[in-house]
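Here is a short briefing on a predicted model. It covers a pocket first, then a helix.

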Amino acid sequence: SGNNNNNNNPSSASSSTPRGLAAIPLLCAAAAESRPAYLRRLSQTPLEAAWWKRQEPLCAAPGSLGAIPETVLLMMARFLEHLSLTTPG
């Protein structure tokens, strides 16, 4: 009987979303995006596809004591993203 719990890990269920260091080129492209292009893309993003909502701590194992500062930062980013995607105008 194996102890492989990969099927219980929500991050393993994500399709082709880059994780960890693989997401850096995506972040660079987003940082270089113009404000009008960003606002246009944001207005077309469904809440289920929110980017910050899918992120997890990288500095320590998710759920560990060392991940708390990054987890708090991600929670704030998710909240602001939620506001941006649900607030009209």
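The largest pocket has a volume of about 440 Å³. Its lining is made up of 16 residues. Helix 1 (24–32), helix 2 and helix 3 are the elements that each give two or more residues to that lining.

**Pocket lining**
- Nearest the centre of the largest pocket lie Ala30, Tyr38, Arg41, Trp51 and Glu81.
- Helix 1 supplies the largest share of the lining, with 4 residues.
- By residue class, the lining of the largest pocket splits into 11 nonpolar, 2 polar and 3 charged.

**Helix 3: span**
- Helix 3 runs over residues 68–86, which makes 19 residues.
- From first C-alpha to last, helix 3 reaches 27 Å, close to the 27 Å expected at 1.5 Å a residue.

- Glu70, Leu74, Ala77, Glu81 and Leu85 are the buried residues of helix 3.
- Viewed down the helix axis, these buried residues fall within an arc of 70 degrees, so they line one face of helix 3.
- Helix 2 (35–43) is among what covers the buried residues of helix 3.
- Pro69, Met75, Phe79 and Leu80 are exposed on the other side of helix 3.

**Where the two topics meet**
- Glu81 is one of the buried residues of helix 3, and Glu81 is also among the residues nearest the centre of the largest pocket.

Conventions. Residues are numbered from 1 along each chain as its sequence is written. This is a predicted model: local features need pLDDT of at least 70, side-chain atom pairs count only at pLDDT 80 or more; totals for chains, interfaces and linings use all residues. Side-chain values use heavy atoms; hydrogens and water are left out. The expected span of a helix is 1.5 Å times one less than its number of residues. Buried means under 20% relative accessible area, exposed over 50%, partly exposed in between (1.4 Å probe, protein chains only). The arc is that of the directions from the helix axis to the C-beta atoms. Contact means heavy atoms within 4.5 Å. On a 1 Å grid over the protein atoms alone, a cavity is a set of points where a 1.4 Å probe fits but cannot get out, and a pocket is an open set with protein on both sides within 12 Å along at least five of seven lines; lining residues have an atom within 4 Å of a point. Grid points are joined across faces, edges and corners, and a volume is the space filled by probe spheres set on the points. Ala, Val, Leu, Ile, Met, Phe, Trp, Tyr, Cys and Pro count as nonpolar, Asp, Glu, Lys and Arg as charged, and the others, Gly among them, as polar.
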